[in-house]
Amino acid sequence: MSEQFSRTERLFGKKAMEHLAQAKVAVFGIGGVGGHALEALVRSGIGSIDIVDNDKICLSNLNRQIITTHRTLGQYKVDAAEERMKEINPDVVIYKHQVFFLPETADQFDFSRYDYVVDAIDTVAGKIELAIRAQQAGVPIISSMGAGNKIDPTAFEVADIYETSVCPLAKVMRRELKKRGVKGLKVVYSKEEALTPIDFDTVSEGMPESERENCEENKETGSRRRQIPGSNAFVPSVAGLIMAGEVIKDLIDFGQ
């Protein structure tokens with residue numbers, strides 16, 4: 001029994017830990033949700049992980065993104081994440097993809113390599129493409145719905161996308177996935193009504209112009225977002241941890 005994972009092995013057993021060590025998981029998006037999912041997967045003994053993101057770390061990430069410290073400001077998230085994961089488990093294999101996942105970049109990924117896919121990206125087009133590619137490859141996937149502008153970490157549920165309600169992002173995903181013949185998608189979502197964020201221009205007073213531009217721009221589409229969502233340290237993190245828990249339990253058939 002590896003001392004590092006001995007507490008986990010006491011719950012799941014030796015064979016399960018061996019299976020996790022051989023598993024290959026892809027985490028798309030390593031921000032507030034995906035970063036916590038990634039770290040929980042590494043701490044659980046997953047042996048090989050692809051991490052996919054093209055963002056750099058900025059000051060506004062500090063309130064919720066686990067890979068973000070003042071030391072990592074300005075680094076690409078995939079670089080900061082790899083370093084942190086190696087500090088947690090030097091044996092974990094990390095494959096970095098410094099790219100935003102979108103329909104036009106999807107061919108860069110061979111989904112048949114993965115045992116599980118974690119979708120923690122923001123764009124609807126990317127999320128739909130991930131669901132389609134995973135279904136085509138027969139790979140299980142779990143997708144995060146909206147976590148912005150919410151303050152109740154206890155409100156999250158795990159469900160099939162067609163069983164969701166309230167969440168505006170889930171509504172769009174239901175409609176678009178149905179059009180494309182996607183039969184199901186496991187998601188983490190919240191029925192909490194989103195708050196209306198305070199005007200970004202008000203909260204950004206005194207912020208350096210370069211930082212304000214970096215945070216205002218939606219780098220996945222190259223366009224300005226209409227409204228920057230509010231967030232906190234305790235809602236995205238819970239969504240990410242729930243996702244990681246579902247991945248681990250599914251991979252070892254725990255409770256089946």
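User: Which residues in helix 3 meet helix 9?

Analyst: This is a predicted model, in which local features need pLDDT of at least 70, side-chain atom pairs count only at pLDDT 80 or more, and totals for chains, interfaces and linings use all residues. Residues are numbered from 1 along each chain as its sequence is written, and side-chain values use heavy atoms, without hydrogens and water. Helices (H or I, at least four residues) and strands (E, at least two) are DSSP runs numbered from the N terminus, and contact means heavy atoms within 4.5 Å. On the side of helix 3, the residues that meet helix 9 are G32, V33, H36, A37, A40 and L41.

User: Into which classes do the residues of this contact divide?

Analyst: Ala, Val, Leu, Ile, Met, Phe, Trp, Tyr, Cys and Pro count as nonpolar, Asp, Glu, Lys and Arg as charged, and the others, Gly among them, as polar. The contact of helix 3 with helix 9 divides into eleven nonpolar, four polar and no charged residues.

User: What kind of aromatic pair do F28 and F101 form?

Analyst: Rings of Phe, Tyr and Trp (its six-membered ring) pair if their centres lie within 6.5 Å; planes under 30 degrees apart are stacked, over 60 edge-to-face and the rest tilted. F28 lies in strand 1 and F101 in the loop between strand 3 and strand 4, 73 residues apart. Their ring centres are 5.1 Å apart and their planes stand at 75°, so the pair is edge-to-face.

User: Which residues form one aromatic cluster?

Analyst: The rings of F101 and F111 have centres 6.1 Å apart and planes at 75°, so they too are edge-to-face. The cluster consists of F28, F101, F109, F111 and Y114.
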